[in-house]
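Take a slow look at the model below. We will start with one residue, move to an annotated site, and finish with the whole chain.

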Amino acid sequence: MQFVYDPLPYRVIFGAGSVRRVADELSHVGSRALVLSTPEQAGSAQELAATLGDKAVGLFSKAVMHVPVATVDAAAAVARELDADCTVAIGGGSTVGLAKALSLRLDLPSLVVPTTYAGSEVTPIWGLTEDGIKTTGRDKKVLPKVVVYDPDLTLSLPAEMSIASGLNAIAHAMEGLYAFDGNPIVSLMAEESIRALARSLPLIKADPTDAKARGDALYGCWLAGSVLGAASVALHHKLCHTLGGTFDMPHAQTHTAVLPHAIAYNAPSVPEAMERASRALGGGDPATKLYELAVGLGAEMSLAKLGMPKDGIAKAAALAVANPYPNPRPITEEGIVQLLSRAVEGLPPITA
C-alpha cells in the first residue's frame with residue numbers, strides 16, 4: 001500500500017454552545033474582525049459581532065451565492081476602510097466563500113461559524129463568478145484558521161434547506177471515495193460521513209428540533225468537508241459548478257439533483273468505492289439509493305424546476321468537457337448530454 005496524506009492545518013471547536021467561544025478563539029486569527037453574512041443572516045451576524053466587542057470593527061452582510069467578483073470588490077473596500085486584519089463569517093457556503101475570497105485577495109485570515117451542512121469551511125477551495133463563468137481553485141491561504149461548529153445554530157435551519165445542504169455534503173464524500181489522489185484516511189472519513197448524514201437527515205425532516213440528529217448531521221458535514229479539502233473532485237462537482245455559474249442555479253439543490261446521475265455515470269469504473277458507498281447507505285446500488293434518499297426527503301430532483309433551461313443541456317455539456325480533469329470514467333459530451341437529459345426531468349439515474 002502506498003499513499004500520501006497531507007492534513008490541513010485548521011482548528012475545530014465542536015459542540016453545543018460552542019459559539020460562545022468565538023471571542024476567545026479569535027485570538028488565533030486576529031484582533032480587528034470584519035463580520036460577514038448574507039442579508040438573511042444579518043441579525044445573527046450582529047449578535048455575534050456584539051459578543052466580540054471591540055474585536056469586531058464592522059459588518060458586511062451582502063454575501064450571495066457563487067461569490068460574484070463585484071461582491072468581493074465591495075467587501076474588500078469595506079475591509080480596507082476599517083483596517084480589518086481578519087474576518088469572522090457566520091452562515092453557509094455563500095458567506096464562507098466570501099471570507100475565502102477576501103483571504104485570497106487581501107490575505108485576511110478567517111474564523112468561520114457554519115450554520116449549514118455545506119462543509120466548504122474546512123477546504124482550501126475557493127470560487128469566484130464573473131460574467132456568468134465560475135472559476136475555482138485551491139490555495140491553502142483561503143483555509144479558515146478556526147472553525148466553530150455549534151449544532152444549536154442549525155436548529156433554526158429550515159428542514160428543506162437542511163436536507164439540501166446535507167445532501168450537498170454527501171456529494172463531497174461520495175466523490176472523495178474515488179478521487180484519484182484519495183487515500184485510506186479519506187475513504188474512512190467519506191464512508192463515515194455518508195453514513196452519519198444518511199442516518200440523520202430523515203430524522204431532521206421528521207423533527208427539525210432533534211438536537212442529536214442535528215449534531216450527527218453537522219459531524220457528517222465536517223467529515224465531508226475534510227474529505228473535500230484533502231482530495232480532488234471529479235465529474236459531479238465540475239458539472240455542478242458549470243451549471244451554477246452558467247445558469248445561476250442554487251448550489252446545494254443543484255448538487256442534490258445531479259449527484260445520483262454523476263455517481264451512476266462513474267460507478268462501473270470504481271467498484272471498490274461503490275462497495276463503501278453501498279455499505280454506508282445501508283446496501284443496494286448507491287446511485288439508486290441516493291436518488292431514493294433525496295426523493296424521500298422531499299428534495300427537488302428536476303434541474304428544470306431549479307432554473308436550468310432545457311435548451312441549455314448542449315451548452316452545459318460542451319462546457320463540462322472543455323477543460324479536461326481527472327475522472328474515473330472518460331467524460332464525453334454525449335455521456336453528459338444523456339446524464340443531464342434525465343436530471344433536467346428529475347428522472348431516476350440509469351444504472352449498470
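Helices and strands here are DSSP runs, numbered from the N terminus; a helix needs at least four residues and a strand at least two. With that naming in hand, find threonine 38. The model is a predicted one. Threonine 38 sits in the loop that links β2 (33–36) to α2 (42–52).

Is threonine 38 buried or exposed? Its relative accessible area is 12%. Buried means under 20%, so threonine 38 counts as buried. Who are its partners? Setting aside residues up to four places away in sequence, threonine 38 touches Ser61, Ala63, Ser94 and Thr95.

The UniProt record places a "binding site" feature at Gly93, Ser94, Thr115, Thr116, Tyr117, Ala118 and Gly119. These positions span 27 residues in sequence, yet no two of their C-alpha atoms are more than 12.2 Å apart, so they gather at one spot.

Threonine 115 belongs to the loop between β5 (110–114) and β6 (125–130). Its relative accessibility is 6%, so threonine 115 is buried. Beyond residues up to four places away in sequence, threonine 115 touches Gln41, Ile90, Gly91, Gly92, Leu153, Thr154 and Leu157. With glutamine 41 there is also a polar contact, side chain to side chain, at 3.1 Å.

Threonine 116 lies in the loop between β5 and β6 as well. Threonine 116 is buried too, with a relative accessible area of 12%. Which residues does threonine 116 contact, leaving aside neighbours within four places in sequence? They are Gly91, Gly92, Gly93, Leu157, Ser165, Leu218 and Cys221. Gly93 is itself one of the annotated positions. The side chain of threonine 116 makes a polar contact with the side chain of serine 165, at 3.5 Å.

Now step back to the whole chain. Its secondary structure comes to 13 helices and eight strands. The radius of gyration is 19 Å, close to the 20 Å that the globule rule gives for 352 residues, so the chain is as compact as a globular protein of that length. Along the principal axes, the C-alpha atoms fill a box of roughly 60 × 40 × 40 Å.

How much of the chain is buried? Of the 352 residues, 57% count as buried. Among contacts with a separation of 6 or more, 76% join residues 24 or more positions apart. The chain exposes about 14200 Å², and carbon and sulfur atoms supply 53% of that area.

Methods. Residues numbered from 1 in each chain as written. Predicted model: local features only at pLDDT ≥ 70, side-chain atom pairs only at ≥ 80, totals over all residues. Heavy atoms only, no water. Buried < 20%, exposed > 50% of the residue type's maximum accessible area, 1.4 Å probe, protein only. Contact = heavy atoms within 4.5 Å. UniProt positions renumbered as here; feature names shortened; annotations may be inferred. Polar contact = N/O pair within 3.5 Å; in protein donor to acceptor, adjacent residues only side chain to side chain. Rg over C-alpha atoms; globule rule 2.2 N^0.38 Å. Areas by Shrake-Rupley, 256 points an atom, 1.4 Å probe, with all protein chains shown as cover.
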